Amino acid sequence: MKIVLSILIIIFNLTINAQKQDLNMYSKYLDSAKNTYDDQPKLATAYLDSIPQPVELNINGNLAEYYKLRGFISDRLNNRAEIFQNFLMALKYAKVEKNNDVAGLASLELFYNTYFISKSKDSTAFDYLKDAELYFKKANNQNGLVEVEQMYAYIEMYQENYDKSNDLILQHLPKYENIKDDGYYHMYALFMLSSNYIHQEDLNNSHKYFKRIKSLKQDTTISKHLLDLHKVSLNTCIAYYHLETKALDSTRHYLKQAEQQRYAMGNSDIELYFKVFADYYNQIGDLSKKAQYVDSLALFQTELLDKNVTASLKINKSLEQSENLLESESNKKVLNRNLAIIISCILLVFLLLVIINYNKVKKTIEGYVSREKNSHHLKSSNEKLKVKVVGLEQYILKVKDEVKVISTVTEPLELRKNIKELYKDIHLKSTTELTNGESHLDLINELNVEFFARIKELHPELNDSEIIICYYIYTGFKNKEIASFLNVSIRSVESKRYRIAKKLNIDSNQISLAEYLQITFKES
């Protein structure tokens, strides 16, 4: 008996030691990613990908740091669609782990991406900024508080209140310069001053602060990429200023300066860079070169759109991981196996609806990519997808939390009740979440301009809801599918089909409504 007990103790100790070794190894992956994400973001991604899934089990206690690094890498690779999701997860786990430094940083990034990137002007954005200040105060993070302080100056610059922005910076400029452990804050203040003066057409002061930025090249606390990122942004803005004033030689000079730091450009810098080059060649009469940059701009915006679609599919994958985690927890607590099956079916239906919607949007938009005229349409569609991705990410987090709560219920009656409520909620969300408050006509009309213009021209007697029904019939949807998308009964769809056929004077004995639409609009 003693021998058996001794063997069990040895096995237990070996297991514990093996787990500790795994945790130490995974922590090293985090450290390696932290040291490489700025200069080698793809290598840093490989380090993080080396941590086995689910990461929630393998690096428990370090999840805030993990998602913070994921957010930094997304920013470094210009994957804007993924940044919000990663920092939202970083904030979630920072609260659980009581990591106030990461919570403050994640809140600040969420403010920046909500207010400046998604251009949301509601109170949610400023709630994130206030939260960032509170978390930094709890952590006694003075540099973090300085970054919050600078954000108010950036808000004024964004709102074109350049004098007020300069006042906020200049009164604290000596303090920023004296932060020796991180020269970023001094550089960022100089960057805003130089930008403000460009917009005020005061080139002397703009160049004065730009030169001070260039002198920070010897500051080892500022990475080369970060310094070049701000330098290339200023070079591009100054080139645009000279283009507006018809100083074409100066425009060309600063565009060449920006070209040398092309690797560090953010998305907005790349778009401005292509636009200024296209306008420059237009003014000097080189239409061939202009066309090249117009095409480059259209291609770049298409790639941004693809990144957003890819990000949405990654969110779908996280839903599948939630399903697996739920099944694992349910087995551990000996819950009825049917619970996992029901939840799996619900999530699969939701995933299918998401994929169908995104594929349709992507396929339609790709058909409209065409040079300068179409670049504006792509940009508008891209911004809408960003907002939808953010809304979907927040709903996914809510579903995850609700699923985990349900997995802890052991009372059968209560369990069935909770599953039923979750099913109703997901069914409702699956028909409304992706539109984010927009009407079906607004979304579909933008992406299918020719079809809607044609049907309104031929049949002005049809109202908006009837036109939407026609579009779904035209694209091959059945009554049941249309009812699901519009959140109405099948009988209501059948009634509308009958009224539409009557308005269009279609004899059902000779041709169906679907056949009529296919024949009439096949070239649309």
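Trainee: Where does N140 lie, and why is N140 called exposed?

Mentor: In this predicted model, N140 lies in the loop between α7 (123–139) and α8 (142–158). Its relative accessible area is 55%. The term exposed requires a value over 50%, so N140 counts as exposed.

Trainee: What makes the backbone of N140 worth noting?

Mentor: Phi of N140 is positive, at about 55°, although N140 is not a glycine. N505 likewise has a positive phi, near 55°, and is a residue other than glycine.

Trainee: Where is N505 placed, and is N505 buried or exposed?

Mentor: N505 is placed in the loop between α24 and α25 (513–521). Its relative accessibility is 71%. The cut-off for exposed is over 50%, and therefore N505 counts as exposed.

Trainee: Which peptide bond is cis, and where in the chain is the proline?

Mentor: The bond from Q53 to P54 is cis, and its omega is near -5°. P54 belongs to the loop between α2 (41–49) and α3 (55–58).

Trainee: Let us turn to helix pairs. What makes α22 and α24 roughly perpendicular?

Mentor: The axes of helix α22 (residues 464–474) and helix α24 (residues 490–503) cross at roughly 100° and come within 10 Å. Angles of 65 to 115 degrees count as roughly perpendicular, so α22 and α24 receive that description.

Trainee: Why are E65 and K68 called buried?

Mentor: Relative accessibility is 19% for E65 and 12% for K68. Buried means under 20%, so E65 counts as buried, and so does K68.

Trainee: What makes K231 and D228 a salt bridge, and are these residues buried or exposed?

Mentor: Their side chains meet at 3.8 Å, N to O. The limit is within 4 Å, so the pair counts as a salt bridge. K231 has a relative accessible area of 14% and D228 has 6%. With the cut-off at under 20%, K231 is therefore buried, as is D228. K231 and D228 both belong to helix α13 (residues 224–244) and are 3 residues apart, about one turn of the helix.

Trainee: What distance separates the closest N and O atoms of R454 and E457, and how is each residue classed?

Mentor: The closest N and O atoms are 4.0 Å apart, and R454 and E457 form a salt bridge. Both lie in helix α21 (residues 449–458). R454, at 34% relative accessibility, counts as partly exposed, because that class runs between the cut-offs of 20% and 50%. E457 has a relative accessible area of 58%; exposed means over 50%, so E457 is exposed.

Trainee: Which residues do salt bridges that share partners join into one network, and how many salt bridges are counted?

Mentor: Shared partners join K224, D228 and K231 into one network. The count of salt bridges comes to 12.

Trainee: Why is L193 called buried, and which residues does L193 contact?

Mentor: Its relative accessible area is 0%. The cut-off is under 20%, so L193 is buried. L193 is found in helix α11 (residues 184–199). Leaving aside neighbours within four places in sequence, L193 is in contact with N166, I169, L170, L173 and Y209.

Trainee: How many helices and strands does the chain have, and what share of its residues is buried?

Mentor: The chain has 25 helices and 0 strands. Of its 524 residues, 46% are buried.

Key. Residues are numbered from 1 along each chain as its sequence is written. This is a predicted model: local features need pLDDT of at least 70, side-chain atom pairs count only at pLDDT 80 or more; totals for chains, interfaces and linings use all residues. Side-chain values use heavy atoms; hydrogens and water are left out. Helices (H or I, at least four residues) and strands (E, at least two) are DSSP runs, numbered from the N terminus. Buried means under 20% relative accessible area, exposed over 50%, partly exposed in between (1.4 Å probe, protein chains only). Contact means heavy atoms within 4.5 Å. Axes are lines fitted to C-alpha atoms, for helices over the stretch in contact, and angles run from 0 to 180 degrees between N-to-C directions. Angles under 35 degrees count as roughly parallel, over 145 as roughly antiparallel, 65 to 115 as roughly perpendicular and the rest as oblique.
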